[in-house]
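Here are a few exercises on strands, rings and charges, each with a worked solution. Have the structure open and try each task before reading on.

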Amino acid sequence: KNLFINENQEENYFDFEIICQQTQKKKPFSFKTHKSILSSRSQYFKSLFNSKMKEYQENKLVLQDFSTSIIALILKYLYSGKIEINLGNAIEILIFSSKYLIEELIEISSKFIKN
Amino acid sequence: MSRKMILRVPKFQEPKRMEKSEAQRLWLLLKDAIVEVQHMNASTLSFEELYRSSYSLVIAKRGDILYTGLEEVNNHHTKNLLDKIAQAVDERFLIELNSQWQQYKLQQIMIHDILMYLDRMYVKEPQLKVFDLGMFKWKQNVLIHSQINDRLVRMLLGLIHMERNGEVIDGALMKSLIQMYVDVSLKEKETYKQEFEERFLLATSHFYKSESNLFITNNSCGAYLKKVEIRLIEEEARIKQYLDESTGPKLIKACEDELIANHMQTMIEMETGCRTMIQNDRFNELKLMYRLFQRVENGLVHLKNEFAGYVRNEGHKIVNQPENLKDPNALITSLIEIRNRFEKTLSQSFANNRDFINSVNTAFESFLNENDKLSESLALFIDKKLRGGFKDSNDQEIDVIMNKVILLFRFLSDKDVFKKFYEHYLAKRLLSGRSFSEDLERTMISKFKQECGNQFTSKMEGMFTDMRLSKDALDGFKNYLQTSVEMGKLPKIDMSVRVLTQGFWPTFPPHSCTLPPLLSQYCDLFTKYYCHAHTGRRIIWQTNIGTAEVTFRLPKKTHVLALSTYQMLIMLLFNDAEKLSLKQMAAGTSISFMDIQRSVKPLYSGKYKVLKRTPAVEKSKELSENDIFELNLNLKCKLHRIKFAATSQTDSEPERQHTRQRVDEDRKIEIDAAIVRIMKSRKALIHNDLIVECTKQLSSRFVPQTSMIKKRIENLIEREYLERFPDDRRRYRYLA
């Protein structure tokens with residue numbers, strides 16, 4: 001399910017992990033990511049790293065409110081600028097982008113819903 | 001077949017109404033975290049957890065709890081900080097204040113990051129943004145508190161004072177503390193301006209007022225200028241180092257006012273000031289003065305007026321110096337010298353500023369036209385140069401001198417007077433064969449042409465044409481003589497004639513004389529030849545400007561004398577007489593007594609005396625008509641050919657007046673033409689307007705006197721070119 005990796009793990013230079021854990025029952029899913037990309041694409045991540053709080057110290061962030069598939073979509077968007085939006089995920093994308101203040105995505109998803 | 005899709009709404013998304021207790025729990029969680037941040041213990045907190053809590057409160061419409069809570073926590077914290085900072089003594093105070101401030105600022109950024117959702121979605125005007133709220137609390141409870149503000153400003157100004165006196169201070173600390181005033185200003189840097197900048201500018205003015213007063217009384221103007229320049233550079237650096245850039249222009253203005261504007265008059269007048277610098281060509285000091293004065297309002301006007309005044313004064317001295325009035329060459333040379341000098345000042349010190357150049361030119365115009373000497377002096381100066389004065393100069397030097405001549409010429413208001421004199425001397429040069437180089441003559445004329453147009457030089461060019469045509473005519477005459485019947489009967493003499501077109505050449509005052517029969521016959525022959533070749537032309541002989549060579553036989557030796565025509569006539573009389581009185585000479589030649597006097601003088605009083613006075617009278621200056629002369633047969637001279645000056649090089653007073661008269665005659669014609677031209681196009685005009693228009697039209701050639709224009713108007717009315725309106729005597733009408 002991890003969309004943005006090379007064959008060779010060594011060459012990916014991941015330095016940050018995003019863990020999706022919606023409930024205690026389910027097994028958590030981990031996305032391997034890059035701080036430099038996340039912080040340049042999102043004010044939330046920029047502040048998260050600048051604050052030097054727990055997430056920065058441990059190099060991982062646990063998200064509880066969203067499904068693995070949504071997080072994968074959003075990460076893909078942050079990395080590539082592209083989003084695969086459809087009737088099935090539009091509202092969740094809107095909620096995610098509203099919470100984390102991703103302006104462009106708020107616009108795309110709310111436009112999609114209106115139509 | 002199309003598949004219908006339905007918008008899927010996730011099941012958990014309907015936000016439940018949040019219980020008050022839940023809201024309280026979330027706030028307490030955040031409050032604890034904020035306090036931790038304020039104690040610099042943030043590393044164990046979860047950013048996502050805090051962010052989510054703030055988000056939850058806001059979407060549950062409980063943002064108010066969070067916002068007012070934050071305000072309280074900040075309030076409390078800053079009040080605690082105040083006590084801590086105020087307790088610090090002496091230099092510790094600034095250091096403590098600065099370190100607390102730096103920490104506080106970082107904390108506020110962090111708090112802002114955590115509460116980003118609150119900041120974006122909840123805070124509405126006029127509420128302050130989260131970060132601004134933090135700044136405001138610091139300002140309210142720390143910075144402008146009576147225990148801090150005054151103490152801080154005094155210490156900052158004290159440090160700046162020390163630095164201005166040459167001590168080293170901590171620039172980074174200054175920058176941070178001064179920037180604090182900017183940071184806590186909510187809009188347009190108001191706190192910075194009110195609390196710091198105003199007092200800083202006042203202290204600056206005060207400092208430089210006393211420093212400049214003291215310095216200028218104890219030092220030379222040059223030293224003061226250097227000091228000012230250094231001070232301004234220092235203040236520029238100060239702006240960059242620790243002031244807000246918006247203070248820059250105000251600070252520099254305050255310094256310029258105290259250091260330059262307030263002392264301008266002193267710097268001009270003081271003993272070592274502007275005047276002395278101009279006098280002594282202190283180009284670098286003047287350049288600095290120019291640069292500094294340029295910075296203040298009207299600064300350059302002062303400097304310019306001072307300089308122009310000096311130029312006018314120097315010029316006035318030169319044109320009125322008795323030695324210069326006697327010696328046109330010295331006069332023009334001095335004028336060219338000061339022009340060069342001031343041009344150097346203009347370029348080296350005053351950046352060739354247009355205004356400065358114009359005012360120097362105005363000064364030149366005014367003193368060059370102070371007396372009417374200049375037109376003639378300038379013409380004489382060029383005359384001397386073109387008679388051989390350029391011999392030792394190369395092309396470039398000649399061009400420079402010619403351009404200077406043109407420059408001075410440009411300032412003359414009576415260019416027509418100059419023109420007359422120039423033509424006069426040009427004619428003399430050409431006729432006496434004294435012109436050094438025709439190329440140079442033509443170069444000079446082409447420069448006048450460029451300056452004033454064809455009309456100005458057409459006569460001069462005509463003279464050159466005449467010279468060329470005369471040569472052809474003379475060659476033709478010589479051929480004619482060889483074939484002529486009459487020629488056989490006449491003894492051979494070598495006669496050379498120049499045919500001058502009337503109008504191109506200055507009219508020489510008419511003189512008459514009786515030529516010896518032989519010469520007279522030759523003249524008639526030439527007239528016959530020439531009028532035959534050019535029908536309709538009339539020849540008038542101008543014997544007074546001719547030259548001749550005669551053989552002077554002494555018992556032991558023979559000389560050739562180069563004489564003027566008149567001198568020749570006088571000497572020829574001695575072929576038939578031993579002794580002659582001046583009266584007899586005049587009778588024998590029909591030359592006027594005055595010309596006899598002038599012609600005889602070089603013959604008996606020069607270095608080689610061919611005539612002697614009998615009886616010999618010592619030092620009797622005035623010749624009377626009964627004075628008697630005889631040939632000096634004891635003449636001792638190694639030269640075979642002896643040259644005698646016909647007349648003095650410069651003109652005699654009557655000749656000069658004659659030239660002036662002709663200028664006046666020409667002016668009448670020019671004024672008439674101008675009046676008619678104006679009236680023809682305007683049909684009717686009021687007297688004053690006509691005078692103004694007329695003066696304007698003629699100004700490129702000369703400045704006509706109003707009385708003269710009036711006379712010409714009267715004259716034109718008499719000649720029925722104009723008439724007065726019957727009902728308004730001040731208006732004229734053009735009569736076609």
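**Exercise 1. Find which strand forms a hairpin with strand 8 of chain B, and how many residues lie between them.**

Solution. In this predicted model, start at strand 8 (residues 722-724) of chain B. Strand 8 and strand 9 of chain B make a hairpin, with six residues between them. Strands here are DSSP runs (E, at least two residues), while helices are runs of H or I with at least four, and both are numbered from the N terminus. Next, look at the pairing: the two strands are antiparallel and share three bridges, where pairing requires at least two DSSP bridges. Within it, Glu723(B) has Arg733(B) of strand 9 as its bridge partner.

A note on conventions: residues are numbered from 1 along each chain as its sequence is written, and chains are lettered from A and ligands numbered from 1 in the order in which they are written. Local features need pLDDT of at least 70, side-chain atom pairs count only at pLDDT 80 or more, and totals for chains, interfaces and linings use all residues, while side-chain values use heavy atoms, leaving out hydrogens and water.

**Exercise 2. Work out which other strand is joined to strand 9 of chain B, and which residues make up its covered face.**

Solution. First, strand 7 (residues 684-686) of chain B runs antiparallel to strand 9 of chain B, joined by three bridges. Ala684(B) has Arg733(B) as its bridge partner there. Then turn to the faces of strand 9 (residues 731-734): Tyr732(B) and Tyr734(B) form the covered one, Arg731(B) and Arg733(B) the uncovered one. Finally, follow Arg731(B), which lies over the face of Phe725(B), 4.3 Å from the ring centre. Such a contact needs NZ of Lys or CZ of Arg within 6 Å of the ring centre and within 35 degrees of the ring normal.

**Exercise 3. Classify the ring pair of Phe307(B) and Phe350(B).**

Solution. Begin with the total: 42 aromatic pairs over all chains. Rings of Phe, Tyr and Trp (its six-membered ring) pair if their centres lie within 6.5 Å; planes under 30 degrees apart are stacked, over 60 edge-to-face, the rest tilted. For Phe307(B) and Phe350(B), the centres are 5.1 Å apart and the planes at 70°, so the pair is edge-to-face. Now place the partners: Phe307(B) is in helix 15 (residues 299-320) of chain B, and Phe350(B) is in the loop between helix 17 (328-348) and helix 18 (354-368), 43 residues apart. Both are buried (under 20% relative accessible area; exposed is over 50%, partly exposed in between; 1.4 Å probe, protein chains only).
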